[in-house]
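Trainee: I have a model to go through with you. Can we take the labels one at a time and check what stands behind each?
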Amino acid sequence: SIFGMPGSDFPAVLRLLIKARVPVDTRDDAACTALWYACYHGHTDRARVLLVEGLADHTIADYQGQTPMAIAQQE
């Protein structure tokens, strides 16, 4: 994906999506949100934008009951 390419400014893309009112707490098939993935991959800059500017819900757990914050603490 282009968002993982070196030099890409994913936080800026997130800000554009938030400004366009894209729901930040949408879940995928594993019940994971964008915040969950940001925490899982250690992308604190992305997690910060989702939490502060997107008002992402940090209590939404995946299908195994793991919240983004629990995932972040494991890594």
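Trainee: Why is Cys 32 called buried?

Mentor: This is a predicted model, so the value is computed from predicted atoms. Cys 32 has a relative accessible area of 4%. Buried means under 20%, so Cys 32 is buried.

Trainee: What makes Cys 39 count as buried or exposed?

Mentor: Its relative accessibility is 9%. The cut-off is under 20%, so Cys 39 counts as buried. Across the chain, 29% of the 75 residues count as buried.

Trainee: How many disulfides does the structure hold?

Mentor: It holds 0 disulfides. A disulfide needs a pair of cysteine sulfur atoms within 2.5 Å.

Trainee: What is the secondary structure of the chain?

Mentor: It comes to 4 helices and 0 strands. Along the sequence the pattern reads α-α-α-α.

Trainee: How do you know how helix H1 runs relative to helix H3?

Mentor: Take the angle. The axes of H1, residues 10-19, and H3, residues 44-53, cross at roughly 20 degrees and come within 9 Å. Angles under 35 degrees count as roughly parallel, so H1 is roughly parallel to H3. The crossing is right-handed.

Trainee: Which residues make the contact?

Mentor: H1 gives Phe 10, Pro 11, Leu 14, Arg 15 and Ile 18. H3 gives Asp 45, Arg 46, Val 49, Leu 50 and Glu 53.

Trainee: What classes of residue does the contact of H1 with H3 have?

Mentor: It has 6 nonpolar and 4 charged residues, with no polar ones.

Methods: Residues are numbered from 1 along each chain as its sequence is written. This is a predicted model: local features need pLDDT of at least 70, side-chain atom pairs count only at pLDDT 80 or more; totals for chains, interfaces and linings use all residues. Side-chain values use heavy atoms; hydrogens and water are left out. Axes are lines fitted to C-alpha atoms, for helices over the stretch in contact, and angles run from 0 to 180 degrees between N-to-C directions. Helices (H or I, at least four residues) and strands (E, at least two) are DSSP runs, numbered from the N terminus. Angles under 35 degrees count as roughly parallel, over 145 as roughly antiparallel, 65 to 115 as roughly perpendicular and the rest as oblique. A crossing is left-handed if the near helix is turned anticlockwise from the far one by less than a right angle, and right-handed if clockwise. Contact means heavy atoms within 4.5 Å. Ala, Val, Leu, Ile, Met, Phe, Trp, Tyr, Cys and Pro count as nonpolar, Asp, Glu, Lys and Arg as charged, and the others, Gly among them, as polar. Buried means under 20% relative accessible area, exposed over 50%, partly exposed in between (1.4 Å probe, protein chains only).
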